[in-house]
Amino acid sequence: MQSMSLVVVGSVAYDAIETPYGKRERTLGGSCTYIALSAGYFVKTSIVAVIGEDFAVKDRELLASKGVDLEGLEQVPGKTFFWSGVYSADMNDRNTLRTDLNVFAGFQPKLPASYTHEPYLFLGNIQPALQSDVYRQMRRVQFVGGDTMNYWIAQTRDELLETIREWDFLLINDSEARMLVQENNLRRAAEKVLDLGPHTLVIKRGEHGAMLFRRDTLFMVPGYLLEDVFDPTGAGDCFAGGFVGYLAERGFDLKKGHVDLEELHRAVIYGSVMGSFCCEQFGVERFQTLTRKEIDQRFEEFRRFTAF
Ligand code: AMP
């Protein structure tokens, strides 16, 4: 694995989740957590986030045991970000019951000096202002991309548009893409998103797969057909981790216009693979045992299932 690292910002959270297969009252979650765990199979990851005094030592240890660099994880008085959601019977829809920003409300990240010269940056789902703040502190990024969600599109639209203008790529799900540019037709929505700044757009469609849009390519993959889906929480973030982790592993420099479409397509497949593993168990549990070998095997399976 290369020594350069991927810097990830996003939420580190406690989640309450209910799916048709069960529920958890309080389990480790957050966009940053999932992205870092997933990307960590491809590249060293360093996180920027804040936690409250209620954050459990075992959760910090889990991240550390997976090689995540925690120097940029600040602990302050107050409570950790809390989110709760309930899934529909087919798990394609979810209802957010609570989003308590808690310590994230006043967070002003100060990047450790060791992070500011890293080449890869992924701005996970969190306040857009915070995403910008981290980007401004980075000195020599080779690519920057990010994610967002309906909550921020509704609450902080202008700030979000300002933030994504400088990104190389944006990953969002289909309903968020439609909401962002107020266009129901997905193909037209994608065109409009590409007018907002990012030259590469990945639209995630849950169990229906994902699409990559650029002015010079359109690439589509189906979802991996899992026998059991226990909990889709974090699947989008794990997709992002696989996508960006693979690009970092391959040493992409998008700022120099170094784009290899086939590699971008492979990154989408790795994203799909990581999203699928995430759903196999509750919360982050699948990452306790997942190996790179299993990841590469599923990547090859994707190739066989879709080649013609
Ligand atoms: P995903 O299923 O990939 O959309 O990610 C779910 C994770 O995002 C959960 O672990 C939540 O803690 C986190 N999350 C939910 N809402 C927000 C939000 N508004 N900002 C940041 N993170 C969030």
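I took helices (H or I, at least four residues) and strands (E, at least two) as DSSP runs, numbered from the N terminus. What I had open is a predicted model, in which local features need pLDDT of at least 70 and side-chain atom pairs count only at pLDDT 80 or more, while totals for chains, interfaces and linings use all residues. Residues are numbered from 1 along each chain as its sequence is written, and side-chain values use heavy atoms, with hydrogens and water left out.

Overall form: I counted 10 helices and 13 strands in the protein. Its radius of gyration, taken over C-alpha atoms, is 18 Å, close to the 19 Å that the globule rule (2.2 Å times the number of residues to the power 0.38) gives for 308 residues, so the protein is as compact as a globular protein of that length. I also noted that the C-alpha atoms fill a box of roughly 55 × 45 × 40 Å along the principal axes.

Burial: I looked up the share of buried residues (under 20% relative accessible area, with a 1.4 Å probe and protein chains only), and it is 58% of the 308 residues.

Of its 110 residues, Phe243 and Phe287 touch the most other members. Helix α9 (residues 261-279) gives the largest share of this core, 10 residues.

Phe243: Leaving aside residues up to four places away in sequence, I found that Phe243 touches (heavy atoms within 4.5 Å) Phe169, Leu171, Val202, Leu212, Leu264, Ala267, Val268 and Gly271.

Definitions and conventions. Buried means under 20% relative accessible area, exposed over 50%, partly exposed in between (1.4 Å probe, protein chains only). A nonpolar core is a set of buried Ala, Val, Leu, Ile, Met, Phe, Trp, Tyr and Cys residues joined through side-chain atoms within 4.5 Å.
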